[in-house]
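Work through the exercises below with the sequence and the 3D view side by side, and try each task before reading its solution.

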Amino acid sequence: MISIRALVFTFMVGIVALAVSMVFYSVAYANGKHPRSEEIFNGNIGPYHVNVFAVPWVGETHISTYVTHPEYQIPITNADLALTLDVLGVTDEQFHCNPVFGEPGWYSVDLPLVVTGEYIVSISIKSEHGPGHGIFRIVIGEQSGVNWALIGIALLLLLLILRLVLGRLNNKGTTIMS
């Protein structure tokens, strides 16, 4: 049996642990910016304003690009975006960015980068507003960091289990059936 006081205490500790874990977790927009992503470019390319975000880790490096009209900040929804990697001075494969469904102006692509280091990326944008070409750099590293959300959830589960065990050992106070 578990006391009502212990049940309320466990619930409150769980809510606090969840809130704390959410504070340390980065903001994620639907298919735009992702947790632990970094803005690697912000500027004008031709007739467009472009924000490029990346999760710059070895493996499937996710690139999200937001394209707007530079003067009016209106999302460009019908653009053709392509990224070309330059590795050690040799132009590599071209990758086409796909529009993100339901997110006007957002385009995304996964790049299979398997070696750490600095890459030069050429971006090409075409729409009814005209062509735009630009270059930016991306530094790819090993995946690292702490996932605070998972740690918070694990602590919450640990506290719940601990309270259940201690509640069964302590039969003092008002109790409810378990």
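A residue is called buried when its relative accessible area is under 20%, exposed when that area is over 50%, and partly exposed in between. The model shown here is a predicted one.

**Exercise 1. The overall plan**

Task: Find how many helices and strands the protein has, and in which order the elements run.

Solution: Begin by counting the elements, which gives two helices and 10 strands. Next, follow the chain from the N terminus, where the order reads β-α-β-β-β-β-β-β-β-β-α-β. Then turn to the protein as a whole, which has 178 residues, 37% of them buried, and an accessible surface of about 10,900 Å², of which 63% belongs to carbon and sulfur atoms. Finally, look at the contacts between residues at least 6 apart in sequence, of which 57% join residues at least 24 apart.

**Exercise 2. Ser124 and its surroundings**

Task: Decide whether Ser124 is buried or exposed, and list what it touches.

Solution: First locate Ser124, which is placed in strand 8, spanning residues 117-127. Its relative accessibility is 16%, and because this is under the 20% limit, Ser124 counts as buried. Leaving aside residues up to four places away in sequence, Ser124 touches Asp80, Leu81, Ala82, Gly132 and His133. With one of these, His133, the side chain of Ser124 also makes a polar contact of 3.5 Å.

**Exercise 3. A salt bridge**

Task: Determine how many salt bridges a search of the whole structure finds, and which side chains meet in a salt bridge.

Solution: The search of the whole structure finds one salt bridge. In it, the side chains of Glu118 and Arg137 meet, at 2.8 Å from N to O. The pair links distant parts of the chain, since Glu118 belongs to strand 8 and Arg137 to strand 9 (residues 130-140), 19 residues apart. As background, side chains of opposite charge can pair when their charged atoms come close. Arg137 has a relative accessibility of 49%, so it counts as partly exposed.

**Exercise 4. Helix 1**

Task: Describe the nonpolar surface patch that includes Met12, and then find whether Ala17 is buried or exposed.

Solution: The patch is made by Ile4, Val8, Phe11, Met12 and Ile15, and covers about 480 Å². Met12 lies in helix 1, which spans residues 4-23, and with 45% relative accessibility Met12 counts as partly exposed. Ala17 is also found in helix 1, but its relative accessibility is 16%, so Ala17 counts as buried. To see what Ala17 is brought together with, take the C-alpha atom of Ile153, which is 136 residues away along the chain and yet separated from that of Ala17 by 7.6 Å.

**Exercise 5. Strands 4 and 7**

Task: Explain why strand 7 is described as largely enclosed, and state how many bridges join it to strand 4.

Solution: Strand 7 covers residues 106-113, and because six of its eight residues are buried, it is largely enclosed by the rest of the structure. Strand 4 (residues 59-68) runs antiparallel to strand 7, and eight bridges join the two. Within this pairing, Ser64 stands opposite Ser108 in strand 7.

**Exercise 6. The backbone at Gln73**

Task: Say where Gln73 is placed and what its phi angle is.

Solution: Gln73 is placed in the loop between strand 4 and strand 5 (80-87). Its phi is positive, about 55 degrees, although Gln73 is not a glycine. For comparison, most residues other than glycine have a negative phi. Gln73 has a relative accessible area of 45%, so it is partly exposed.

Definitions and conventions. Residues numbered from 1 in each chain as written. Predicted model: local features only at pLDDT ≥ 70, side-chain atom pairs only at ≥ 80, totals over all residues. Heavy atoms only, no water. Helix = DSSP H or I, 4+ residues; strand = E, 2+ residues; numbered from the N terminus. Buried < 20%, exposed > 50% of the residue type's maximum accessible area, 1.4 Å probe, protein only. Polar contact = N/O pair within 3.5 Å; in protein donor to acceptor, adjacent residues only side chain to side chain. Contact = heavy atoms within 4.5 Å. Patch = residues over 30% accessible without salt bridge, like charges linked within 9 Å, V, L, I, M, F, W, Y side chains within 5 Å. Areas by Shrake-Rupley, 256 points an atom, 1.4 Å probe, with all protein chains shown as cover. Salt bridge = Lys/Arg side-chain N within 4 Å of Asp/Glu carboxyl O. Pairing = 2+ DSSP bridges.
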